[in-house]
Structure formats: structure tokens, C-alpha cells
Amino acid sequence: MKPKFIAALALALSGTSVLADGHATGDASAGDKVFNKCKACHSIVKTDGEVIRKGGAVGPNLYGVYNRTAGTEEMFGNKFRDSIREAGENGLVWNESDFVAYIADPKKFLATFLNDSKAKSGMSFKLKKETDAKAVWAYLVSVGPEVEAD
């Protein structure tokens, strides 16, 4: 067998997700499991009401989070903290690197992004392990609406 074919086959069988034209580098199947830590506050519900993952309503619905402007999920509405809305108004659109940094330490991320040490996040949970954060992102991308290539 040719080395390129073997490498491609190994990647396909490894469980590592290469999703949505490269918009996620983590393992979506691992992210499905890690999301159990998130579902106390977050659900994943399609726009037509189909429930992908039942969860809490303390945090916004994470369906379609990829490429969403921070602080704009419609169903969550005015529950967003001012700092996350301000971040969105200042150009924060969710992608893998910002998502991973945010969930590692939401307050620190917003303070840095907004250059405001008093910035606050409504999210107190921290998912510090980068592989877990990337896996959750990959999972969210995999269950979200189809993503167009950049």
C-alpha cells in the first residue's frame, strides 16, 4: 500500500475528527462524552426544535455556535452578561481557538479580549484541558448546521 493511503486510512480510523473543512481539530466522539460536563447549563437544540442534547438553560443553546457572534444566541436573549455582548460587538465570532481559550478561563479570556480587568462572564465552569476543549468544539461543529468552507 502507498504511504499516503495508509496515513489517510489511519486518520479515518483513529476517531480524530476532521470536520467542516478543517474548522475543528478535536475528536468529536470524545467531545460527545466531555459534553456531559457542559449539559448542566447548556443544551444543543436545532432551530426547528429538535433536541440533540438535552441540557440546562442556564447557558445559551450551543447549536450552531461555530461562526456565531458572541452574545447573540436568540433564545438566550437578554440573559447574556454585558461583557460577552461587548465582546461580540467588538468582533468576537466563535471559532475553535477562541472557544478553547474561553472555556479554559472565561473571565480571563474576556478581560484579555476586551482589555478590561473588570470584564465578567456568566460562565464559572472552566474546562482547562485543551484536548477536552477541542473535543467539545469538534462535537459542537459535528452536530451543528453544515458549515461552509472559508
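Okay, so asparagine 67 sits in the loop between strand E2 (51–53) and helix H3; helices (H or I, at least four residues) and strands (E, at least two) are DSSP runs, numbered from the N terminus. This is a predicted model, where local features need pLDDT of at least 70, side-chain atom pairs count only at pLDDT 80 or more, and totals for chains, interfaces and linings use all residues. Residues are numbered from 1 along each chain as its sequence is written, and side-chain values use heavy atoms, with hydrogens and water left out.

Asparagine 67 isn't a glycine, yet its phi is positive, about 70°. Is asparagine 67 buried, exposed or partly exposed? It counts as partly exposed because its relative accessibility is 48%; buried means under 20% relative accessible area, exposed over 50%, partly exposed in between (1.4 Å probe, protein chains only).

At 74% relative accessibility, asparagine 115 counts as exposed.

Now the inside. The largest nonpolar core has 34 residues; by that I mean buried Ala, Val, Leu, Ile, Met, Phe, Trp, Tyr and Cys residues joined through side-chain atoms within 4.5 Å. Touching the most other members are Phe35, Ile44, Trp94, Val136, Trp137 and Leu140. Two or more residues each come from H2 (28–34), H3 (82–89), H4 (96–104), H5 (106–114) and H6 (130–143), and H6 gives the largest share, 8 residues.

Finally, what does leucine 140 touch? Leaving out residues up to four places away in sequence, leucine 140 is in contact (heavy atoms within 4.5 Å) with Phe35, Ile44, Leu62, Val65 and Phe99.
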